[in-house]
Amino acid sequence: MKPDIRLAAASAADAEALSAAGIRLFAQAYGRFSRADDLAVHTEQYFGRDCVARELQAPDVSYTIAYDADQIAGFVKIRRGTTPDAVPAAAAIEVQQLYVDAGQQGKGIGRTLMDHATAVARDEVYAGIWLSVWQDADWATGFYEAYGFRRVGTAEFRLGRSKFMDYLMWLALDDVS
């Protein structure tokens, strides 16, 4: 990772910047596969300032931001709660969002954010981490599989009127050094 990248826990003061980054980074990753109106509704619902501000106050959600100088280069959102039946452990956290700016990819930021999520899971005594990722997002599934995640099921993901299939992926912490 670049030496000037730093991680910081997000706070309520970060809601606006984190919202803008989420909208931008989701559009970078998935905008070309989505209808513009569906993308706008989805990003407002899941990355809008009010949503992010609420989640920053929720005890079961945490965000960690990767900064390059003063700019958000990426972030990870961790959620604690229920797990899908396909996940082999009830005590697992979800990496609900992990995004890295397209111009910052290949610099180890995604791995650093995932290492952070793994450390959180260990510190909070979870058995592992689960996530869902679009089946056609080869760049993302390849990253997760290289990290050690394995596919354990599928789930439907709706983005507006469009339906996509996601892989449910699992990483047992016993398998991570």
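1. The side chain of D166 reaches the backbone nitrogen of W134 at 3.3 Å. D166 itself is found in strand β7, residues 162-172, where strands are DSSP runs of E with at least two residues and helices are runs of H or I with at least four, numbered from the N terminus.

2. D166 is buried yet has no salt bridge, and the nearest side chain of opposite charge, R151, is 11 Å away. Here buried means under 20% relative accessible area, exposed over 50% and partly exposed in between, with a 1.4 Å probe and protein chains only; a salt bridge is a side-chain nitrogen of Lys or Arg within 4 Å of a carboxyl oxygen of Asp or Glu.

3. The model is predicted, so that local features need pLDDT of at least 70 and side-chain atom pairs count only at pLDDT 80 or more, while totals for chains, interfaces and linings use all residues. Residues are numbered from 1 along each chain as its sequence is written, and side-chain values use heavy atoms, with hydrogens and water left out.

4. D37, found in helix α2 (residues 36-47), is partly exposed, with a relative accessible area of 37%. D37 and R161 lie 124 residues apart in sequence and 9.7 Å apart in space, C-alpha to C-alpha.

5. Strand β4 (residues 92-100) gives the largest share, 7 residues, of the lining of the largest pocket, where lining residues have an atom within 4 Å of a point on a 1 Å grid, and a pocket is an open set of points where a 1.4 Å probe fits, with protein on both sides within 12 Å along at least five of seven lines.

How values were computed
Lys, Arg positive; Asp, Glu negative; His and termini not counted. Polar contact = N/O pair within 3.5 Å; in protein donor to acceptor, adjacent residues only side chain to side chain.
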